[in-house]
Amino acid sequence: QVQLVESGGGLVQPGGSLRLSCAASGIAFTFYDMGWYRQVPGKQRELVATINAGSGSTTRYGDSVGGRFIISRDNARNTVYLQMQSLKPEDTAVYYCNARSIGGRRDDWGQGTQVTVSS
């Protein structure tokens, strides 16, 4: 009964900001690496950001982010966030939440949330 539920997507103007949330249930959240990926039609899903299990002291970002996004986690709320700023039309995609157990034995995905950057 693993569930990853994304929220916070929508329409935003270029240069604007948006905060995505992913609420997890059915997993021992603290022991999972978490991540955000995005996908557009005709393209493969690409890495946006990851944060390690536990305290989340280590983060990684895809090259396309360019320092504009921040990933964080709140273990008390079983939630991972993606704060996006200086958004560009090229950021338009469906954003997916990912949970990966330590050692990679489990890999779960949310249903996705649409982000559209347009004036």
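Reply: The account below begins with the sheet and then turns to the covalent link.

The model is a predicted one. In it, 4 strands make up an open sheet, and reading across gives the order β1-β3-β8-β7, with antiparallel pairing. The edges are taken by β1 (3–7) and β7 (69–74); each of these has a single partner strand, so one side of each is left without a neighbour in the sheet. On average, neighbouring strands of the sheet are turned by 15° against each other, direction ignored.

Strand β3 covers residues 18–25 and strand β8 covers residues 79–84, and the two pair in the antiparallel sense over 6 bridges.

A disulfide is a covalent bond between the sulfur atoms of two cysteines. The count for this model comes to 1 disulfide. It is formed by C22 and C97, whose sulfur atoms lie 2.1 Å apart, which is within the cut-off of 2.5 Å. This pair joins distant parts of the chain: C22 belongs to strand β3, whereas C97 belongs to strand β9 (residues 93–101), and the two cysteines are 75 residues apart. The angle about the S-S bond is -85°, and the link of C22 and C97 is left-handed.

Note on methods: Residues are numbered from 1 along each chain as its sequence is written. This is a predicted model: local features need pLDDT of at least 70, side-chain atom pairs count only at pLDDT 80 or more; totals for chains, interfaces and linings use all residues. Side-chain values use heavy atoms; hydrogens and water are left out. Two strands pair if DSSP finds at least two bridges between them. Axes are lines fitted to C-alpha atoms, for helices over the stretch in contact, and angles run from 0 to 180 degrees between N-to-C directions.
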